[in-house]
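I opened a notebook for this structure and wrote down each thing I looked up. The entries follow in the order in which I made them.

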Amino acid sequence: MTSFILNEQLVRTEEHPGMVVLEFVRDVKCLSGTKEACREGECGACTVLVGSRQPDGSVAYKACASCLLPLGDVDGCHVVTVEGLSGADLTLVQQLIVEHSASQCGFCTPGIVLSLTAFALGDKKLSYEGAVNALDGNICRCTGYVAIRNAARALCESLARIDAAPAKRLGEIVSAGIVPAYFKEIPARLAQLKAEPAATGKDAVLVAGGTDLFVQKPEQLMESELCFLSKRSDLDYVTADWNFLRVGGAVTIEEFRLSEPVRKYFPALEGDFLLHSSAILRNKATLAGNIVNASPIGDATIILLALDARLVITGAGSQREVPLAKFYLGYKKTDLACGELVSEIVIPLLPKGARYHFEKVSNRATLDIAAVNSAVRVTTAPDGVITDLRLSAGGVGAVPLLLNLDSFKGRKVDAATIEALAKAAESEAKPIDDIRGSAAYKKLLLGQLVCAHFTRAAAAGEAV
Ligand SMILES: Cc1cc2nc3c(=O)[nH]c(=O)nc-3n(C[C@H](O)[C@H](O)[C@H](O)COP(=O)(O)OP(=O)(O)OC[C@H]3O[C@@H](n4cnc5c(N)ncnc54)[C@H](O)[C@@H]3O)c2cc1C
Ligand code: FES
Ligand code: FES
């Protein structure tokens, strides 16, 4: 049984927990405001709000793509479709969309309204830049983004007048006409809901964010027992001690990106992870899911390889640690046995004298898998001599690669070294021709990314 609040209504359903919310709201509940288009997380037309109960009893709302969001994942949550924002008047976001002519055919508009509403409910800074980022998964094919951004800017101007302190936020957002008054009762109503615990069957499929699984095999998942890692609060943490950042196996990319330890020890990752998919996917997609799906081009994987991450792998009554660099055994093959899960990712803090940098080339800046991506962690002595070098590359082999560049240790970072590094990287790469580019193009690209690691970081004042 899955129990949740859909808009104002309590829902208890025996539908399979692998049925996606998009199908449930449209076909079972006949709420057609949530639009169906790509069904692959690409367009944002199906965006809904998911509010989940926090340890302090408050409810945190995120915008999510409902086409990749299984019912089991919203057990115990508040799901809001555009119908759930309806009252006697338009909400402030809807009103601003009208005033700024930010809708033509209207197909994308419910998704845009919900993404901006999630931004108003939860964003810490409420800046215009944050509002634009919140919309990075919502594609509009007829209005043009200038009008939509103008509406977003006007929303930020209105939000500048509210008291955004967490204790007052919801009341202020209701008073500003952004969500209806019934939202105030949701924390108490959710406290009465009893969610099912995560399934423990040894054959249960582990579902983290589901953003890969529900693209690859949605029908198969409707016939499987599913273990939702979002129910495992013991795997939901980002902490730092003297030497390591520790990330639980259920932490989403967005939680990781915006966490205090990441901001403190790896500030560049906040921007780098903006290049991973889009807000409506990052709110569900996890770091561990990115690693385990074993894509040769996963962005998190490539970053974590350069950062020398290790995986804590937990099975029935056992625990072991594996360096990420040894985790991939072949194309889409990992060192993970049946019944094991990645319970923690351990990232060493940057050693003294070390710099990190990430580069990704894709057809679109956001919402796109890379053609080639690469990250570097290079440590130099005060005289500029390389003492340690970890350079990773994606899209140029069957698995995410950590290049063997040990021979560069002891060399000074200068133009000749960078050129030689680029050539060495190109010669280690074994890309194939595919939809993202020819093998020759990808080799060349990797060489250029290696140069960019050093020159761009230097231009940004982080001279390596
Ligand atoms: C539109 C779109 C855009 C995308 N853009 C990007 C992009 O820019 N960059 C990128 O790298 N990827 C991208 N992806 C791919 C995907 O979203 C990510 O790789 C994501 O991080 C996968 O994580 P998840 O939690 O959703 O995994 P899931 O789909 O939940 O799981 C993936 C696999 O990992 C297993 N698994 C998950 N967690 C664990 C665990 N803790 N222990 C053991 N096994 C586990 C699952 O059983 C499953 O086999 C995109 C996907 C879509 C649909
Ligand atoms: S239908 Fe396109 S993102 Fe869900
Ligand atoms: S208004 Fe038509 S797709 Fe956006």
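**Entry 1**

I began with Arg320, which is partly exposed at a relative accessible area of 29%. For this I took buried as under 20% relative accessible area, exposed as over 50%, and partly exposed as in between, with a 1.4 Å probe and protein chains only. The model is predicted, so local features need pLDDT of at least 70 and side-chain atom pairs count only at pLDDT 80 or more, while totals for chains, interfaces and linings use all residues. Residues are numbered from 1 along each chain as its sequence is written, chains are lettered from A and ligands numbered from 1 in the order in which they are written, and side-chain values use heavy atoms, with hydrogens and water left out.

Which residue does the side chain of Arg320 meet in a salt bridge? I found Glu340, at 2.8 Å from N to O. A salt bridge here is a side-chain nitrogen of Lys or Arg within 4 Å of a carboxyl oxygen of Asp or Glu. Arg320 sits in strand 11 (residues 318–323) and Glu340 in the loop between strand 13 (333–334) and strand 14 (341–348), so the pair ties together parts 20 residues apart in sequence. Helices (H or I, at least four residues) and strands (E, at least two) are DSSP runs, numbered from the N terminus. Glu340 counts as buried, at 12% relative accessibility.

**Entry 2: other salt bridges**

I searched the whole structure and got 25 salt bridges. One of them joins the side chains of Lys62 and Glu255, at 3.8 Å from N to O. Lys62 belongs to strand 4 (residues 59–65) and Glu255 to helix 10 (residues 253–258), so this pair ties together parts that are 193 residues apart in sequence. I noted Lys62 as partly exposed at 26%, and Glu255 as partly exposed at 27%.

I then checked Glu270, whose side chain meets that of Arg263 in a salt bridge of 3.3 Å, N to O. Glu270 is partly exposed at 22% relative accessibility, and Arg263 is partly exposed at 23%. Both residues belong to a network of salt bridges that also links Lys125 and Glu260.

**Entry 3: the sheet with strand 11**

I went back to strand 11 for its sheet. The sheet is open and has five strands in the order 8-9-14-10-11, with antiparallel pairing. I counted two strands as paired if DSSP finds at least two bridges between them. Strand 8 (238–240) and strand 11 are the edge strands, each pairing on one side only. Strand 10 (residues 310–315) runs antiparallel to strand 11 and is joined to it by six bridges. I looked up Thr314 and found Gln319 of strand 11 as its bridge partner.

**Entry 4: strand 16**

How many residues of strand 16 are buried? I got nine of the nine (residues 372–380), so the strand is largely enclosed by the rest of the structure. Val372, Ser374, Val376, Val378 and Thr380 point one way, and Asn373, Ala375, Arg377 and Thr379 point the other way. In a regular strand the side chains alternate between the two faces of the sheet.

Strand 15 (residues 354–361) runs antiparallel to strand 16, with eight bridges between them; Arg355 stands opposite Val378. Strand 17 (residues 386–394) is also antiparallel to strand 16 and joined to it by eight bridges, with Ala375 opposite Ser392. Strand 16 and strand 17 form a hairpin with five residues between them, and Gly384 in the turn has a positive phi of about 85°.

**Entry 5: helices and a loop residue**

In helix 1 (residues 21–28) I noted Val21, Leu22, Phe24 and Val25 as buried. Strand 1 (2–6), strand 2 (9–13) and strand 5 (78–80) are among the parts that cover these buried residues.

Last, I looked at Ser295, in the loop between helix 14 (287–292) and helix 15 (299–306). Ser295 counts as buried, at 15% relative accessibility. Leaving out residues up to four places away in sequence, Ser295 touches Lys332 and Pro400, where contact means heavy atoms within 4.5 Å.
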